[in-house]
Amino acid sequence: IHLQYSQLVRMDVEMGAFLLVAFWFCLNICDRGAWRDYVLSGTFTGIAVVTKYTAAGFGLTIALAHVLGRPSWPRDLLKLVAGGLACLAAAFVASPFVFIDYRTAWASILLEARPTHLSATGEGFLQNLGWYLGTALPESISVVGLLLAAAGVVLCLSSRNRGRWLLVAFPLSFLLMISVLSLRWVRWVIPALPFLCILSAHAIDT
């Protein structure tokens, strides 16, 4: 499905690409916590958010990277704030319309969050989560790929490497987030697919 939608004008693939870059800098935050990494992770997250609004959930991954990096309080808190400001600045540069005409932008967001849509109306959190795990993800990376990704999750969480914990954070939190929404689409899992493939590769490598 990732290859299929890479050939169409849908924002899910682009959003996933920007979040992968942001994740790279999150790994650096875990390792060294430099100002540059906070600013760049926030910058690419901001571009991802105006590409597709559900990317806003990646802010949790940045916050987790900050905590896993064992920051010095309160000095390093300024770095996290700088990352947030960089996110807002990048979003404004990439799509100033969202800020200038925020009423129209908000109306569009509410339209996208409508409770029903032909053939895409969800059935509640648990049913949506079950549908993503039982239908959307197997269709996207196969049952074997999904099982390998699950094994990768277990391996990462049992590791002492903090970067591996971070790798698990985004796909799981993103899956939970889209399961909460009223609608459900197969393509909504696309931003999580590269992360799941990395988890699968880690399981194979191990």
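## Spaces and core of a predicted helical model

The largest cavity holds about 40 Å³ of space. This is a predicted model, in which local features need pLDDT of at least 70, side-chain atom pairs count only at pLDDT 80 or more, and totals for chains, interfaces and linings use all residues. Residues are numbered from 1 along each chain as its sequence is written, and side-chain values use heavy atoms, with hydrogens and water left out.

A word on how spaces are found. Rolling a probe the size of a water molecule over the atoms shows where empty space is left. Here, on a 1 Å grid over the protein atoms alone, a cavity is a set of points where a 1.4 Å probe fits but cannot get out, while a pocket is an open set with protein on both sides within 12 Å along at least five of seven lines; lining residues have an atom within 4 Å of a point. Grid points are joined across faces, edges and corners, and a volume is the space filled by probe spheres set on the points.

By this rule there is one cavity of 30 Å³ or more. Lining the largest cavity are Asp 12, Met 15, Lys 52, Thr 54, Phe 174, Ile 178, Trp 188 and Pro 191. Helices (H or I, at least four residues) and strands (E, at least two) are DSSP runs, numbered from the N terminus.

The largest pocket has about 530 Å³ of space. Of its 19 lining residues, Lys 52, Tyr 53, Thr 54, Glu 112 and Trp 188 lie nearest the centre. H2, H3 and H7 each supply at least two lining residues, and H3 gives the largest share, three residues. The table sets out both linings by class, where Ala, Val, Leu, Ile, Met, Phe, Trp, Tyr, Cys and Pro count as nonpolar, Asp, Glu, Lys and Arg as charged, and the others, Gly among them, as polar.

| Space | Lining residues by class |
|---|---|
| Largest cavity | five nonpolar residues, one polar residue, two charged residues |
| Largest pocket | ten nonpolar residues, three polar residues, six charged residues |

Now to the core. A nonpolar core is a set of buried Ala, Val, Leu, Ile, Met, Phe, Trp, Tyr and Cys residues joined through side-chain atoms within 4.5 Å. Buried means under 20% relative accessible area, exposed over 50%, and partly exposed in between (1.4 Å probe, protein chains only). The largest nonpolar core has 44 residues, and Phe 58, Tyr 132 and Leu 199 have the most contacts inside it. At least two core residues come from each of H2, helix H3 (35-51), helix H4 (59-68), H8, H9 and helix H10 (193-205). H8 supplies the largest share, ten residues. Leaving aside residues up to four places away in sequence, Leu 199 touches several residues, including Leu 148, Val 153 and Pro 171; contact means heavy atoms within 4.5 Å.

Ala 55 sits in the loop between H3 and H4 and is buried, with a relative accessible area of 1%. Beyond residues up to four places away in sequence, Ala 55 touches Met 15, Leu 19, Thr 45, Ala 48 and Val 49.

Ser 119, in the loop between helix H7 (102-112) and helix H8 (125-157), has a positive phi near 70°. Ser 119 is exposed, with a relative accessible area of 73%. Ser 142 lies in helix H8 and has a positive phi of about 80°. Ser 142 is partly exposed, at 34% relative accessible area.
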